[in-house]
Amino acid sequence: MDCDKCGSAAVMGAAYSGLHLCEEHFCRTVDTRVRRRVREDNLVPRSATPEDPETWVIGLSGGKDSVVLTEILHDTFREDPRIELVALSIHEGIEGYRDESIEACEELTADLDLRHEVVSYAEEFGVRMDDVVDEDPEGMAACAYCGVFRRDVLERYAEKLGADKLLTGHNLDDEAQTALMNVFEGDVQQMANHYDASLGPFPEEDREGEPVDPPADPTERPRNPQDHHVPRTKPLRDVPEKEVALYAHLRDLPAHITECPHAEEAYRGEVQQLLLDMEDNHPGTRHSVMAGYEQFAALAASAFGGGEAADYGECDNCGAPTGRDVCRKCDLLDALEAV
């Protein structure tokens, strides 16, 4: 099959678009989608200057998604003095698996001459995920523990590093799965939180850096501010997972493409398979899910968003932002100590 753009040999065909693309044009489309998302979400404020740049912390795991995101952002902003990129990696304490992915992170950041910080659960909490899985005091899947610990480390260190934004490598499949899970659970408040936390665009600024009036269309409204956490954003969320993997392969990036040995998210796995089946039978399903969900989440944020900020205080144990007396991380650490 030939590339629809130039006639060279195609390396991929996208059923949802009908396009067949060669290596050059395929990689260019991925770059374009990420850069368009950066622009549409207003990630670079007009107030950012070479004298007062924005700091973006990238959650770099060493997997294909975060590696591709880091590569594209570096290529995009390496000559832009308004943006400073910092890579943040977390070692959960999973023997063999995470050691190899940290090596991939170190190789990439060395190649890009990018600042790279590595933090471990062992240093931060005195626990390793291998031990947590063995003890399991709450009777939960490993991902439930790890997700709580990872969010805590990302948020605290993003703040320590002076981040204006925290960027993660969630792809189209990841976000479409989360969208369907929220819909199936009927959790409108969570949809509103999802929009304000990571989906909604940032408020637009004029040339003087002052906020402009939001669009009249409520589905295009900016996110509500969340002062209790460094705001997150997901510039890779328009790119399907398989295309991220192909990009990493074609660009010969040092991605560690191996599933975590403790991965066990049964419900998400069901939703993932449902979406894959729907995509096979109805190409474009993932894009349609996200297009509709983002509009619905924007409406939910208009009705319910912003209210949770008033409920946030500080954890009695560690001082982390939480809507409870003791944050979930401290609850889990207490349970592990009691084993």
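**Ground rules**

I am working from a predicted model, so I kept in mind that local features need pLDDT of at least 70, side-chain atom pairs count only at pLDDT 80 or more, and totals for chains, interfaces and linings use all residues. I number residues from 1 along each chain as its sequence is written, and side-chain values use heavy atoms, with hydrogens and water left out.

**Entry 1: the whole chain**

I looked up the secondary structure and found twelve helices and nine strands. Helices here are DSSP runs of H or I with at least four residues, strands are runs of E with at least two, and both are numbered from the N terminus. The radius of gyration is 20 Å, close to the 20 Å that the globule rule gives for 339 residues, so the chain is as compact as a globular protein of that length. That radius is taken over C-alpha atoms, and the rule is 2.2 Å times the number of residues to the power 0.38. Along its principal axes, the C-alpha trace spans about 65 × 50 × 45 Å.

I then checked burial: 49% of the 339 residues count as buried. Buried means under 20% relative accessible area, exposed means over 50%, and partly exposed is in between (1.4 Å probe, protein chains only). For contacts I use heavy atoms within 4.5 Å. Among contacts between residues at least 6 apart in sequence, 74% join residues at least 24 apart.

**Entry 2: α7 and its two partners**

How do α7 and α11 pack? I found helix α7 (residues 172–184) and helix α11 (residues 285–304) at an angle of about 55°, with their axes 9 Å apart. My axes are lines fitted to C-alpha atoms, for helices over the stretch in contact, and angles run from 0 to 180 degrees between N-to-C directions. The two helices are therefore oblique to each other. On this scale, angles under 35 degrees are roughly parallel, over 145 roughly antiparallel, 65 to 115 roughly perpendicular, and the rest oblique.

α7 passes α11 in a left-handed crossing. I call a crossing left-handed if the near helix is turned anticlockwise from the far one by less than a right angle, and right-handed if clockwise. On the α7 side the contact includes Leu172, Ala176 and Leu180, and on the α11 side it includes Val289, Met290 and Tyr293. The residues of this contact divide into eight nonpolar, two polar and three charged. In this scheme Ala, Val, Leu, Ile, Met, Phe, Trp, Tyr, Cys and Pro are nonpolar, Asp, Glu, Lys and Arg are charged, and the others, Gly among them, are polar.

Next I turned to helix α10 (residues 266–281), which packs with α7 at about 110°, axes 9 Å apart. α7 and α10 are therefore roughly perpendicular, and α7 passes α10 in a right-handed crossing. Among the residues that meet are Gln177, Met181 and Phe184 in α7 and Val271, Leu274 and Leu275 in α10. By class, this contact has nine nonpolar, three polar and three charged residues.

**Entry 3: α1 with α9**

The axes of helix α1 (residues 23–40) and helix α9 (residues 241–250) come within 10 Å and cross at roughly 120°. That makes α1 oblique to α9. The crossing is left-handed. Phe26, Cys27 and Val30 are among the α1 residues here, with Leu246, Tyr247 and Leu250 among those in α9. The class count is six nonpolar, no polar and four charged residues.

**Entry 4: Ser101**

Is Ser101 buried or exposed? Ser101 is buried, with a relative accessible area of 1%, and lies in helix α3 (residues 97–112). Leaving aside its neighbours within four places in sequence, Ser101 is in contact with Ser61, Gly62 and His256.

**Entry 5: loop residues**

Pro203 is in the loop between α8 (188–199) and β7 (232–233) and is partly exposed at 44%. Beyond its neighbours within four places in sequence, Pro203 contacts Asn42 and Pro222.

I noted both because most residues other than glycine have a negative phi.
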